[in-house]
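The sequence and structure come first.

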Amino acid sequence: MHRSLSTAASGMEAQQTKLDVTSNNIANVSTAGFKKSRAEFSDLLYQTVKKPGVATGEGTQSPGGLQIGMGVRTAATQRMHSQGSLQQTGNPLDIAIEGRGFFVIEMPNGDQAFSRDGALKLDSEGRLVNSEGFPLAGGLTVPPDVDSIAVAANGTISVTVAGDTEPVEVGRLELATFANPAGLEAIGKNMLRATAASGAAVTAPPGEGGAGSVAQGTLELSNVKVVEEMVDLISGQRAYEVNTRVVRAADEMLAQTANLK
Amino acid sequence: MGSGIYIAAAGAESQAAALDVTANNIANAATTGFKAERVSFRQALDSAQSADATYVEGSSKADDQTAGSLVQTSNPLDLALVGDGYFSVETDAGTRYTRAGAFRLDAAGAIINAAGQKALSNGGGPLTVPPEASQVSVTATGEVFADGESIGSLALSRFSPGAMKREGASLFSTTAAPLDGTPEVVSGALESSNVNVVRGMVDLVKVSRTYESLLRMIEGYRETESRAARDLGGPK
């Protein structure tokens, strides 16, 4: 009976984790380039009271053993890298990636970070930076007196300088791909870091090497679907509640035992 | 002394085991590919006392093999099995079987489960998706395609449900030989746990009430015996 108390506690903990993950998804429903996560559960060890298939007589065996499970644990939280929906913004520096690639961002400490958030900006030196002000890798710089910036689907950036009619190419975006993007580590601020699980970044320009193409004037929204999250919220909350009922039932049974007259 | 009090105690113990099993079912209501358990009880004949008095004991635990509902995830490596059967994964202890089909790729492109164990192909080795592949798809027969190129088929097997031993972490082991036939694979969906929460709640109520009445029986026997001792034993 003490087993069922801790079993139910593990169930409550798992549902709490599910709720935490779901609430983070919902909180980021309008974060550009955000990828939702989901909690995955697996059952804990089993106490084998009777082994399945033991002989019960000559030529006969028990059809199933008696194994009592110890509950549940959170096996992993997996980030789902499905494409978010694209929103037209008309802003020339809003760039969405259609495909598997990531923007490569240079962190102030020299490390590389990866992001799907394509709301790029220019800093005072004309560098392309993300919302944190960290520049894109590759040192793409736009001259100060430009009339218009055009980003082609293959990542080529060309600018038209004031007074000129011919656009000038200033560089090409680079995208990174990973064997296992779900293995990237989220570091907040819409950025991810490579890990041993994700594999090393393979960089390629858009349109080459499976990185996908880019779309100018478009933002990739988060891939969170609110209806799905609401269903998860409700099912998680109810499952939590049922586990508390198990605790109460076990507690009542223990109390009755202790109060045996 | 009558054996009734021990019969009631054995019954209460069995109900406690039933509570443990129900608790584990409810705790795993959100575990992908989990199959609910049921305890069955059997009479253990107490021949030493009298032929009518029988104890109860938890005897065997049958798994509820009904399919869990499929939840669409649209992730190509979320695989659900339709019909009974298992995926095979490679663990340190040897091949293990699972219905939890939330697969993913590792850094080298091998198909792994949530615990990092490699899914086995029907040739026995791991399945590796080339890193430059931009699309992975899995057919109903378990054949895996990367950018339209076949890279092998997932090992799918069926076993008699009674021969499967639970290992935790959604894995099963068995020493039995596989049966004929294979289940069908649905890509982009996960099989949710088949635990029926309503049934779990009913079981919970039933177990605690049965337990309570068995405790009342114990009290009744004790009462009878102490009255017998008082009324018959002492000097009048």
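## Model and numbering

This is a predicted model, in which local features need pLDDT of at least 70, side-chain atom pairs count only at pLDDT 80 or more, and totals for chains, interfaces and linings use all residues. Residues are numbered from 1 along each chain as its sequence is written, while chains are lettered from A and ligands numbered from 1 in the order in which they are written.

## Helix 1 of chain B

Helices (H or I, at least four residues) and strands (E, at least two) are DSSP runs numbered from the N terminus. Helix 1 of chain B covers residues 4-27; at 1.5 Å a residue its 24 residues should span 34 Å, in agreement with the 35 Å between its end C-alpha atoms. The expected span is 1.5 Å times one less than the number of residues.

Helix 1 of chain B is largely enclosed by the rest of the structure, because 18 of its 24 residues are buried (20 or more other C-beta atoms within 10 Å of the residue's own, placed from the backbone).

## Pairing with helix 2 of chain A

The axes of helix 2 (residues 226-258) of chain A and helix 1 of chain B come within 9 Å and cross at roughly 165 degrees. The two helices are therefore roughly antiparallel (angles over 145 degrees).

## Contact between the chains

Chain A gives 60 residues to the contact and chain B gives 54, with C-beta atoms, placed from the backbone, within 7 Å. Helix 2 of chain A gives the most to the chain A side, with 11 residues.

Conventions:
Buried ≥ 20, exposed ≤ 12 C-beta atoms within 10 Å, placed from the backbone. Axes fitted to C-alpha atoms, helices over the stretch in contact; angles between N-to-C directions. Parallel < 35°, antiparallel > 145°, perpendicular 65-115°, else oblique. Contact = placed C-beta atoms within 7 Å.
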